[in-house]
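Subject: Structure handover, salt bridges and the disulfide

Hello,

Please find the structure below.

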Amino acid sequence: MFKANLKDNHLLILVSILPFSMLVGASVSLINIVLILFSFLYCSKDENYSYLFKNRIVIFLISIYIYLLLNSLISIDFSLGFLRNFGFLRFILLFFAINYLFSKNKNINFIFIVWLTITFIVLLDSYLEFYSGKNILGYSDSSGSRIVSFFKNEPIVAGYLNGFIFIIFGFLFSNFDKKHINKKFFAYFIILSFAFCILMTGERSNSFKFLFALLVFISLNSFINYKLKLFFLLFIVLLSSVSYFNSDKIKLRYGGQLIHLIDNKEKRETYLKHNLYINHYKSGIQVFKKYPVLGVGNKNYRLETCKNNYINSNIEGAKSFHDGSYICSTHPHQIYIEFLSEHGLLGSLILLSIILFSIFRNFKIMISSKNLIQIGSFSYLLSTFLPLLPSGSFFSDFNATLFWLNFSIFYASNSKSNIFKLGD
């Protein structure tokens with residue numbers, strides 16, 4: 001099956017099926033990650049890697065972990081945040097496992113081929129649901145305006161695809177042959193297919209994140225000349241425009257509502273007053289104002305916002321509760337407000353400075369080596385921190401898995417940043 005008879009091939013397979021396990025469910029995804037961690041510990045049990053703990057990025061990750069454990073102590077409710085904070089250890093070990101795998105196994109392309117296969121199946125299933133109203137398993141969004149695909153009742157397929165496809169784009173262009181017309185056509189076909197798929201899911205925030213990440217990826221891609229970059233971006237704009245004007249679903253999600261708001265002052269004022277996301281933002285800011293330094297604690301947002309709650313019927317689409325100043329919710333639906341409300345100004349500065357510095361410290365290495373897999377994961381990581389746009393909880397299992405997987409590959413895919421290669 002593989003070119004080399006390595007004991008870590010089971011680790012390779014477990015990482016390869018990670019996108020599939022996330023489709024099946026959160027518990028299966030967690031089991032898969034735990035198996036990846038045990039597989040890594042088994043493979044590396046006879047080797048001495050004490051030097052790793054002198055590596056700056058390892059120190060940074062451990063610092064985040066120590067901070068999260070301390071955050072549990074100052075939380076409103078210790079028990080709520082502790083399990084999530086303690087469980088962050090799995091992402092540190094995942095970082096080790098991915099770096100180890102990339103440094104030892106010569107069959108890494110197998111991972112990306114499997115990922116491409118799985119995500120392409122999701123893409124085809126999303127197209128089926130868009131045109132027929134139901135996916136292959138009969139799932140559909142209750143409102144009919146968004147795509148759920150294999151996620152049954154959660155419109156998160158665009159977020160899921162975003163988490164894998166930029167690494168896949170990097171893989172395709174890493175094997176890009178300017179003289180091989182079929183490879184060129186396939187690479188561009190895959191990008192365009194996913195671009196339209198993301199757009200038709202109706203997930204506006206993830207669509208904007210995709211377009212931003214795609215712009216970053218194409219801009220940093222040295223395999224595409226400037227004329228082709230401009231042409232390709234214009235073609236994406238043209239494709240989006242044609243799709244918008246020829247699909248009532250896309251028109252409704254990406255422009256129909258906005259146009260009515262621009263034309264009608266009364267509707268605009270009503271929208272700003274009662275829009276669910278805007279009220280979530282206001283709620284999160286209120287929590288931050290009450291706990292400005294340390295926040296309420298990781299995963300404690302709901303405990304604070306759901307006190308003395310009652311049904312608020314004035315917020316359109318709200319299925320939550322309200323007590324006059326808060327929206328009862330698990331998180332405020334915006335990454336920076338989430339950091340501020342749950343970790344305060346001090347905790348937000350600690351987390352964001354460590355994470356962003358860890359990403360940008362490899363920028364020169366990434367550019368000089370023209371590592372396109374690294375550029376792909378960098379593009380995704382950067383899109384995560386776009387301001388203003390709604391987002392899922394940063395520390396939820398789904399979002400955290402995608403983020404730290406991309407973060408791990410961002411380091412692992414380049415021998416100049418892989419923590420195991422640096423010790424050779």
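A residue counts as buried under 20% relative accessible area and as exposed over 50%, with partly exposed in between. D46 has a relative accessible area of 62%, so D46 is exposed. Please keep in mind that this is a predicted model.

Salt bridges

Side chains of opposite charge can pair when their charged atoms come close. Searching the whole structure gives 4 salt bridges. Three of them are described here, including the one that involves D46.

D46 pairs with K45 through their side chains, at 3.7 Å from N to O. K45 is partly exposed because its relative accessibility is 49%.

A second salt bridge joins D397 and R90, where the closest N and O atoms are 2.6 Å apart.

The salt bridge between E304 and K290 has its closest N and O atoms 3.1 Å apart. E304 sits in helix α15 (residues 301–305) and K290 in helix α14 (residues 276–290), so the pair ties together parts 14 residues apart in sequence. Here E304 is buried, at 1% relative accessible area, and K290 is partly exposed, at 45%.

Cysteines

How many disulfides does a search of the whole structure find? The search returns 1 disulfide. C306 and C328 form it, and their sulfur atoms are 1.9 Å apart. The torsion about the S-S bond is about 90 degrees, so the disulfide of C306 and C328 is right-handed. The pair connects distant parts of the chain, 22 residues apart: C306 is in the loop between α15 and β1 (310–311), and C328 is in the loop between β2 (321–322) and α16 (335–360).

Are C306 and C328 buried or exposed? Both are buried.

Regards

Conventions
Residues are numbered from 1 along each chain as its sequence is written. This is a predicted model: local features need pLDDT of at least 70, side-chain atom pairs count only at pLDDT 80 or more; totals for chains, interfaces and linings use all residues. Side-chain values use heavy atoms; hydrogens and water are left out. Buried means under 20% relative accessible area, exposed over 50%, partly exposed in between (1.4 Å probe, protein chains only). Helices (H or I, at least four residues) and strands (E, at least two) are DSSP runs, numbered from the N terminus. A disulfide is a pair of cysteine sulfur atoms within 2.5 Å.
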